[in-house]
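Welcome, and thanks for opening the viewer. Let's take a short walk through this structure, one selection at a time.

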Amino acid sequence: MEKKKRPLLRSAAFLLIFSLLIAASSWMVMPKSNIKSSGMRNARAFGYLAEQTDTIDFVVIGDSETYSSISPMQLWKDYGYTGYVCGTPGQHMEDTYLSLEKFCETQKPKLVILEANAMFRSSGFQEDVQRVFFREVEKTLPLIEYHDRWKNLSLQDFTGQIQYNWINPLKGFVPTYASKPWKGGHDYMKKTDKARDVEEVNRHYFDKIASLCREKDIRLLVINAPAPVNWNYQKHNAIQRLAKGYGLPYLDMNFSAQEMGIDWDKDSRDGGDHMNVYGAQKVTAFLGKYLSKEYRLPDHREDPAYVSWAQNYKEYEKTIHKGMTQ
Amino acid sequence: MSYQAPVFLLLFFPLTLLCYQLTPQRHRWKTLLGASYLFFWSISGKLLLFLVLSTFSIHHFGLWLDSIRRDADAAIRAAEKPERKALKEARKHKMRGVLAAGILLQLGTLLCLKYANFFGANVNLIFRGLGMAEVIPTFQWMLPIGISFYTMQAVSYLTDVYRGTITADRSLGRLALYMGFFPQLMEGPICRYSQTAEALFAGSPIRYDALTRGAQRMLYGLFKKMVIADRLNVFVNTIFTHYQEQKGPVILLGMLAYTCQLYMDFSGIMDMVMGMGEIFGVRMPENFRRPFFSKSISEFWTRWHITLGAWFRDYIYYPLSLSGPLKKTTSACRKRLGNHFGPLVAGTIALFCVWFCNGLWHGAAWSYLFFGMYHFFFIVLANLTEPFTRKVLDALHIQRDKGWYRIFRILRTAGIVCVGELFFRANGLKAGLSMFHKMVTDFSLPSLEELALGIDRYDVLILVVAVGIVLMVSILQEQNIPLRKKLSAAPTPLRWSVYYAAIMAVIIFGAYGVGYVPVEPMYAGF
């Protein structure tokens with residue numbers, strides 16, 4: 001009996017020490033701040049970590065279409081809404097879900113705006129499952145996600161506490177000023193009844209996002225920003241049917257590009273894949289109008305608790321003006 | 001899903017171990033087979049059907065060969081002496097026919113899926129040259145993972161049944177497991193039925209010692225693959241993709257880096273495979289034995305991808321050199337050319353076939369054929385110059401296996417191998433020749449910026465330390481020092497420190513995650 005127990009005890013001791021090692025190393029490599037130089041990935045999307053808790057009313061989640069098309073500060077100026085864009089480039093749906101989950105750790109948004117372009121990002125079921133598994137491992141063990149930071153560790157990483165103190169005055173928006181025309185015009189949405197397949201893993205994470213919103217009593221709006229290179233009627237049909245199944249509103253702005261005044265010769269930065277700042281202003285104005293009509297988000301412009309937002313707006317304005325005039 | 005993927009290491013493999021151990025012993029082979037087919041499906045999806053059909057086919061042909069032998073043997077025993085010879089001939093003839101059909105089915109599938117476009121493109125090229133229209137279309141066929149490996153196993157099984165070294169297996173399950181055991185599916189080793197089938201089917205319980213020893217070996221393999229091979233990936237890719245922009249010494253570095261990458265990748269995965277086998281109580285044949293300590297190209301191929309070399313030796317070289325026509329050639333040549341050069345003629349013909357097939361086995365491209373012929377050339381050259389070399393060395397009182405001459409031979413062999421790998425990796429034969437030309441004619445020194453091709457000084461530091469560790473381990477193994485035994489006997493704190501250091505090295509210094517392109521096991525592509 002004693003002999004049988006020994007391997008078990010040894011294994012347990014080995015694993016215990018190993019867990020401690022992993023925990024210590026994880027803490028060591030974790031970014032101690034929310035700025036890029038501290039090793040934070042996509043730091044721009046995590047500026048909200050330094051915002052006061054429960055001060056942001058809406059959050060935009062999704063891939064690069066989000067931060068290219070929607071400027072929360074414009075909505076602050078026009079309506080007094082506080083919002084943040086958490087989108088990151090080439091994002092997969094599991095990351096979209098995780099970004100919302102993380103956002104909800106410090107904020108209680110009233111509205112989640114899900115840009116659905118990432119719903120069609122898939123490498124096939126098997127690959128998707130492997131990627132999701134790896135992402136879950138990364139989430140559980142920060143050492144895995146930030147393992148490469150050994151190259152840039154500083155003394156603070158060994159001694160310091162985690163302090164998120166960088167506020168992003170652009171609130172996640174990434175303005176670009178170059179133009180590359182889309183030559184296909186406005187009628188790229190060719191009507192069809194067919195719908196593109198949505199991969200199982202993406203459906204699963206859509207469901208998780210919807211459930212999280214339901215659980216936290218947050219309203220969920222599904223949108224698509226105008227992007228003729230990425231979007232078509234079949235994708236629209238797929239998302240519309242999915243949203244309908246969940247009883248969710250769906251705003252596909254690809255049908256409204258003309259109405260919002262998009263000039264495809266000037267308003268895209270890369271030939272119809274993403275908006276530049278000029279296109280983003282038009283998309284944001286259109287979205288703002290829709291939000292003001294459909295949702296009762298509070299206007300904080302006169303609220304003294306939100307003075308920092310007014311200051312941030314000035315910085316934002318300066319940045320945009322500088323970019324446009326250069 | 002490949003062997004170094006987190007989903008394999010943290011989910012698939014532990015779950016398979018758990019299910020295997022919980023299954024009653026006589027059903028364990030089913031758990032292994034189920035896991036193996038799931039693994040195959042996760043990579044190649046519906047193409048699993050090819051593996052299943054291949055298994056059915058060799059099962060059927062194996063039994064057919066056995067039944068012919070059994071019936072014929074009974075007839076021979078019952079026949080009068082004068083008739084026996086004719087009956088034996090008839091048996092041989094019939095069995096050869098069945099063997100040929102069985103092998104043709106296996107190789108035919110491989111040829112169709114892997115080589116059809118290569119042959120088609122070359123035939124079309126000839127037609128175009130003659131001013132005629134192209135006749136062979138391009139096929140968009142997917143290649144099942146490991147087809148080059150399991151086809152070799154299938155052919156060896158049928159041939160061994162034909163030769164009578166094994167009897168055909170009645171159990172389809174055992175044969176299926178022999179063909180599809182998941183650790184060896186992607187990159188081998190190419191096992192013989194007699195080496196693994198019984199152990200796989202036995203379902204031996206997992207023992208604590210085997211588990212720890214297997215995990216040790218897997219960890220070492222993971223270290224080679226993820227810390228060294230994958231970290232070199234960007235550097236190697238940049239040089240081979242943009243070779244026109246590189247200076248000669250950079251190409252030289254690229255060549256050395258690729259050779260290192262390929263070795264660490266392939267031998268690292270093999271260490272993992274061996275480790276997994278060890279855990280299940282299956283001893284597979286080793287595929288590597290420190291090849292860069294070889295003193296000649298012939299020796300190199302007995303240390304690098306050993307099971308492939310052994311397969312070609314047993315199923316192509318020996319049958320060919322012992323065939324009637326080549327035997328006659330040997331006798332005729334021996335009379336005219338003497339005892340050294342005489343047998344070389346037939347041997348060289350057989351060798352040519354081996355290296356032609358070896359080159360082609362690696363891939364359907366002229367650069368792979370060149371790679372095969374390149375090694376063939378150096379082996380033949382060594383055979384031809386052997387008497388002369390021996391005389392010179394004797395005259396100079398140089399001992400070929402000792403001192404500086406031994407080191408010279410090792411470095412010379414490594415040099416030849418590295419140049420071969422340059423052609424092997426280059427994007428086509430033309431690119432390979434161009435790179436080689438630049439390497440031997442352009443000696444302008446690159447600046448540090450020109451050398452920073454996707455790696456920084458920290459990467460270089462890690463690579464130097466990691467390669468140093470592997471080199472040290474190899475030197476000790478070369479001196480027959482039983483490292484693993486010594487490690488097992490070491491005091492627990494020391495032993496565990498080594499394990500923790502290795503695990504943490506893989507986690508922290510491994511080239512994976514954001515900023516790295518996942519690198520599939522390199523030989524899986526062949």
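Which residue of chain A forms a salt bridge with B:Asp459? Select B:Asp459 and A:Lys151: they form that salt bridge, with their closest N and O atoms 2.9 Å apart. (A salt bridge here is a side-chain nitrogen of Lys or Arg within 4 Å of a carboxyl oxygen of Asp or Glu.) B:Asp459 sits in helix H18 (residues 457-478) of chain B and A:Lys151 in the loop between H6 and H7 of chain A, so this pair joins two chains. Helices (H or I, at least four residues) and strands (E, at least two) are DSSP runs, numbered from the N terminus.

Before moving on, a word on what you are viewing. This is a predicted model, in which local features need pLDDT of at least 70 and side-chain atom pairs count only at pLDDT 80 or more, while totals for chains, interfaces and linings use all residues. Residues are numbered from 1 along each chain as its sequence is written, chains are lettered from A and ligands numbered from 1 in the order in which they are written, and side-chain values use heavy atoms, with hydrogens and water left out.

Now color by accessibility, if you can. B:Asp459 counts as buried at 4% relative accessibility, and A:Lys151 does too at 14%. (Buried means under 20% relative accessible area, exposed over 50%, partly exposed in between, with a 1.4 Å probe and protein chains only.)

Across the interface of chain A and chain B, the rule finds 2 salt bridges.

Next, show the whole interface. The contact (heavy atoms within 4.5 Å) takes 23 residues from chain A and 31 residues from chain B.

Select A:Glu51 and A:Lys171, whose side chains meet in a salt bridge at 2.5 Å, N to O. A:Glu51 lies in the loop between H1 and strand E1 (58-61) and A:Lys171 in the loop between helix H7 (155-159) and helix H8 (200-215), so the pair ties together parts that are 120 residues apart in sequence. Both A:Glu51 and A:Lys171 are buried.

Then pick A:Arg149 and A:Asp157, another salt bridge, with the closest N and O atoms 3.1 Å apart. A:Arg149 is buried at 7% relative accessibility, and A:Asp157 is buried at 3%.

For a last stop, select B:Arg290, B:Lys295, B:Glu299, B:Arg303 and B:Glu478, which are linked in a network of salt bridges.
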